[in-house]
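Me: I have a new structure to look at. Can you walk me through it?

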Amino acid sequence: PKLHARLEPLSKAVRDIAWKGQLRMCQRYRHLIAAGKAKVVVITAIAREMAGFIWAIARAVTTAPIRGAKAQG
C-alpha cells in the first residue's frame, strides 16, 4: 500500500524504466552469484547498472536541456 502510493504520482515512463531495471538487476545478481563471482564484485556490477537506470530516468524527466552561461570569446 505505501509503495503503491509513492509510485502513483510518477509518470508511466519513469515506472517503466524502474521496472525494467528491477527485473534486469535481479536477474543479473542471481546469474553472477550462481556463476560463483565474489559478492563484492556482483554488488559493484549491479551498482553500475543501477547508475545507468538512474541516468535514464533523469533523462526521461528532464523537460529542457540545461544551458550553460554564454560563451565568452
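**Helix packing**

Reply: Helix α2 (residues 12-34) and helix α3 (residues 39-61) pack at an angle of about 170°, and their axes lie 10 Å apart. That angle makes α2 roughly antiparallel to α3 (over 145 degrees counts as roughly antiparallel). This is a predicted model, where local features need pLDDT of at least 70 and side-chain atom pairs count only at pLDDT 80 or more, while totals for chains, interfaces and linings use all residues. Residues are numbered from 1 along each chain as its sequence is written, and side-chain values use heavy atoms, without hydrogens and water.

Me: Which residues of α2 and α3 make the contact?

Reply: Among them are I17, M25 and L32 of α2 and V42, I46 and F53 of α3 (contact means heavy atoms within 4.5 Å). By class, the contact has 16 nonpolar, one polar and five charged residues.

Me: Changing topic, what lines the largest pocket?

Reply: The lining consists of L3, L7, L10, V14, R15, A18 and W19. It divides into six nonpolar residues, no polar ones and one charged.

Me: Which element gives the most to that lining?

Reply: Helix α2 does, with four residues. Both α1 (2-7) and α2 give two or more.

Me: How much space is in the largest pocket?

Reply: About 180 Å³.

Me: Now charges. How many salt bridges are there in the whole structure?

Reply: The search finds three (a side-chain nitrogen of Lys or Arg within 4 Å of a carboxyl oxygen of Asp or Glu). One of the pairs is K12 with D16, at 3.0 Å from N to O.

Me: Where do K12 and D16 sit relative to each other?

Reply: Both are in helix α2, four residues apart, so about one helical turn separates K12 from D16.

Key. Axes are lines fitted to C-alpha atoms, for helices over the stretch in contact, and angles run from 0 to 180 degrees between N-to-C directions. Angles under 35 degrees count as roughly parallel, over 145 as roughly antiparallel, 65 to 115 as roughly perpendicular and the rest as oblique. Ala, Val, Leu, Ile, Met, Phe, Trp, Tyr, Cys and Pro count as nonpolar, Asp, Glu, Lys and Arg as charged, and the others, Gly among them, as polar. On a 1 Å grid over the protein atoms alone, a cavity is a set of points where a 1.4 Å probe fits but cannot get out, and a pocket is an open set with protein on both sides within 12 Å along at least five of seven lines; lining residues have an atom within 4 Å of a point. Grid points are joined across faces, edges and corners, and a volume is the space filled by probe spheres set on the points.
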